[in-house]
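Work through the exercises below with the sequence and the coordinates at hand. Each task is followed by its solution.

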Amino acid sequence: MRVMQKSVEEIDKRVDWWAVLFMIGAHVAAVAGIIKLGLDWWMGASVWFSFVVMVVTFSVRTLSISDSFHRYFWHQSYAFNQRFLRPLQFAFAFVGTTAAQRGPVWWAYMHGLHHANSDREGDVHSPVISGFWYAHIGWIFMLRNKQIDWQSMRRWAKFPELVWLEKYYVLPPIMLATTCFLLGGLQAQERFFSGAFTTVLVGFFLSTVILYHLTYAVNSLGHLRGYRRYPTKDHSCNRLVLAFLTAGEFLHNNHHHCPGSASFGVTWYEKIADWGYLGLWLLWRIGVITHLKVASQDAAAT
Ligand SMILES: [Zn+2]
Ligand SMILES: [Zn+2]
């Protein structure tokens with residue numbers, strides 16, 4: 001028993017240095033993207049294309065992390081039309097995975113641990129328990145947080161395409177980065193490589209890094225500072241401006257109050273900020289998704 005405990009402690013402290021290296025590289029590439037964009041503009045080259053690609057890749061992926069990874073793969077606050085379940089589910093999972101935040105099952109599993117133990121022992125990313133920076137980004141680098149308990153996530157294990165995506169989660173971000181590179185090059189025509197590098201640095205890396213810090217801030221800042229509409233047992237709070245940038249995710253206190261609800265907004269301005277829900281509502285209206293759960297925000301916290 002003592003040997004087992006020692007072995008668990010050793011595993012607990014190990015760091016995934018590849019993940020650290022990738023994170024540093026992504027930040028360096030993002031900064032290089034800002035410099036390259038500035039240089040291109042200074043030299044009179046067209047920069048609008050890279051900028052538009054960045055806005056598109058950011059918007060689609062912030063929406064996807066919220067509506068796919070969060071609201072579907074963990075909370076299951078809606079279902080897909082059964083006739084198109086497999087392709088739709090896989091498409092949502094694939095687009096979310098391009099955000100380079102690992103696969104949907106891992107993301108959902110970690111989020112489930114957060115809801116089960118919010119700001120208590122067992123919460124993988126609580127700023128109250130472990131400090132701001134560990135909750136923001138440090139927890140991602142710990143090898144002990146890389147494992148998925150497939151037994152508790154068995155509802156997804158029956159889909160081989162999701163198991164495949166979970167194993168090869170590096171492929172979708174590589175495909176997106178390659179697409180950005182090629183599109184940027186083709187758009188720049190005779191300046192192929194210059195345009196290609198600007199677009200991949202800005203349209204993929206800068207967009208990805210901004211999305212990282214907004215997603216991570218829900219876990220760190222979203223449990224520290226902001227307004228609290230509901231007296232939940234955790235420290236979750238809302239921030240309106242950041243909610244706009246995260247498709248509603250930063251209405252985090254509202255979400256902890258009613259975790260099963262697909263809608264996070266309560267007031268009219270929160271409902272506008274929660275455009276992730278608006279997207280789901282539109283899909284529900286045209287029959288792409290069904291069983292859209294919208295619990296009363298006045299219901300007891302669960
Ligand atoms: Zn939370
Ligand atoms: Zn949640």
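**Exercise 1.** Determine which helices the buried residues of α5 pack against.

Solution. Take contact as heavy atoms within 4.5 Å, and helices as DSSP runs (H or I, at least four residues) numbered from the N terminus. The partners are then α3 (48-74), α4 (85-97), α8 (154-157), α9 (160-167), α11 (192-219) and α13. Next, count the buried residues, meaning those under 20% relative accessible area (1.4 Å probe, protein chains only): 11 of the 13 residues of α5 qualify. Among them are W106, W107 and H114.

The model is predicted: local features need pLDDT of at least 70, side-chain atom pairs count only at pLDDT 80 or more, and totals for chains, interfaces and linings use all residues. Residues are numbered from 1 along each chain as written, chains are lettered from A and ligands numbered from 1 in written order, and side-chain values use heavy atoms, without hydrogens or water.

**Exercise 2.** Identify the protein donors of the zinc ion (ligand 1) and their spacing.

Solution. Donors are N, O and S atoms within 2.8 Å of the metal (3.2 Å for Na, K and Ca); water is not among the atoms, so sites may look incomplete. The NE2 atoms of H114, H223, H252 and H256 lie 2.0 Å from the zinc ion. Along the chain, the donors follow H-x108-H-x28-H-x3-H. H252 and H256 are four residues apart in helix α13 (residues 252-257), and therefore about one helical turn apart. Both H252 and H256 are buried.

Methods: Helix = DSSP H or I, 4+ residues; strand = E, 2+ residues; numbered from the N terminus. Buried < 20%, exposed > 50% of the residue type's maximum accessible area, 1.4 Å probe, protein only.
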